[in-house]
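Please keep the viewer open while you go through the points.

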Amino acid sequence: MLLDLSEEHKEHLAFLPQVDSAVVVEFGRIAVEFLRRGTNPKVYEGAARKLSVSSDAVQHGVEGLTYLLTESSKLMISEVDFQDSVFVLGFSEELNKLLLQLYLDNRKEIRTILGELAPSLPSYHSLEWRLDVQLASRSLRQQIKPAVTINLHLNQNGDHNTKVLQTDPATLLHLVQQLEQALEEMKTNHCRRVVRNIK
């Protein structure tokens with residue numbers, strides 16, 4: 001699977017052939033630090049002074065490299081696919097090999113960092129339901145008013161919490177149909193491809 005880089009990312013990466021290979025390696029280190037700790041303008045300014053370029057050019061170069069490494073790591077693309085993705089940028093063979101080595105050296109660490117950045121979502125534990133039907137009230141003698149009460153038990157970071165939901169049967173039926181439609185959608189080739197690339 002090849003990476004699809006936008007023109008903006010290609011422009012950011014176009015700065016890399018203008019600098020020495022040691023600088024590209026340093027940019028790779030800065031890119032991983034950028035993922036770990038966030039942006040640091042002082043680092044960009046210091047590198048810009050050493051290279052006699054603007055700090056924006058350095059920042060764009062690091063951000064372009066960060067995007068290249070994170071997207072490649074996220075999709076776990078193979079060495080050949082990475083080389084083919086970088087080949088379209090028109091870099092020298094030496095720079096392509098250097099970028100490949102950066103990717104291979106850092107992809108596990110980048111995936112770990114991205115995993116830590118991902119939000120922790122609650123997961124299903126159990127469900128209890130009850131059907132209540134109001135048959136009459138003081139003002140209405142013949143009234144049928146059904147309601148479904150659902151206790152949804154969830155796990156999140158080892159904690160258990162419960163959500164209480166109440167709805168009428170028509171809305172519940174619509175919800176079930178939507179969930180079944182979503183499950184059918186997950187069986188399509190497109191969704192399988194997306195899920196496979198996310199893992």
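1. A definition to begin with: two strands count as paired if DSSP finds at least two bridges between them. Helices (H or I, at least four residues) and strands (E, at least two) are DSSP runs, and their numbers start at the N terminus. With that in hand, S1 and S2 are antiparallel partners joined over 11 bridges.

2. Some ground rules before going further. This is a predicted model, in which local features need pLDDT of at least 70 and side-chain atom pairs count only at pLDDT 80 or more, while totals for chains, interfaces and linings use all residues. Residues are numbered from 1 along each chain as its sequence is written, and side-chain values use heavy atoms, with hydrogens and water left out.

3. The sheet. Three strands make an open sheet in the order S1-S2-S3, with antiparallel pairing. Its edges are strand S1 (123–134) and strand S3 (159–167), each of which pairs on one side only. On average, neighbouring strands here are turned by 15° against each other, direction ignored. The angle comes from axes, which are lines fitted to C-alpha atoms (for helices, over the stretch in contact); angles run from 0 to 180 degrees between N-to-C directions. As background, strands of a sheet pair through backbone hydrogen bonds, either parallel or antiparallel.

4. Who faces whom? If you want landmarks in the viewer, Gln-134 stands opposite Lys-145 in S2. Leu-152 has Lys-163 of S3 as its bridge partner, and His-153 has Thr-162 of S3.

5. The hairpin turn. S2 and S3 form a hairpin with 2 residues between them. Asn-157, in this loop between S2 and S3, has a positive phi of about 55° although it is not a glycine. Is Asn-157 buried or exposed? It is exposed, with a relative accessible area of 62%. For these labels, buried means under 20% relative accessible area, exposed means over 50%, and partly exposed is in between (1.4 Å probe, protein chains only).

6. The helix across the sheet, and the record. Helix H7 (residues 169–186) lies across S2 and S3 and runs at about 45° to S2. UniProt, in an unreviewed entry, places the feature "domain: COMM" at residues 123–190; UniProt positions are given in the numbering used here, feature names are shortened, and annotations may be inferred rather than shown by experiment. In the model, that span is 29% helix and 49% strand, and its end C-alpha atoms lie 24 Å apart.

7. Helix H6. This helix (residues 93–117) has 25 residues and reaches 34 Å from its first C-alpha to its last, close to the 36 Å expected at 1.5 Å a residue; the expected span is 1.5 Å times one less than the number of residues. H6 bends by about 50° at Asn-106, where the bend is the angle between axes fitted to the seven residues ending there and the seven starting there. Asn-106 is also one of the buried residues of H6, which include Leu-99, Tyr-103 and Ile-110. These buried residues pack against helix H2 (21–37), helix H4 (55–75) and helix H5 (79–87); contact means heavy atoms within 4.5 Å.

8. Leu-104 belongs to helix H6 and is partly exposed, with a relative accessible area of 25%. Its C-alpha is 8.0 Å from that of Glu-79, 25 residues away in sequence. Lys-108, also in helix H6, is exposed at 68%.

9. Around H4. Met-76 sits in the loop between H4 and H5, with a positive phi near 50° in a residue other than glycine, and is partly exposed at 42%. Within H4 itself you will find Thr-66, which counts as buried at 6% relative accessibility. Beyond its neighbours within four places in sequence, Thr-66 is in contact with Ala-31, Phe-34 and Leu-35.

10. Helix H3. In H3 (residues 41–51), Tyr-44, Gly-46, Ala-47 and Ala-48 are buried, and the buried residues of H3 pack against H2 and H4. Just after H3, Ser-52 takes a positive phi of about 60°.
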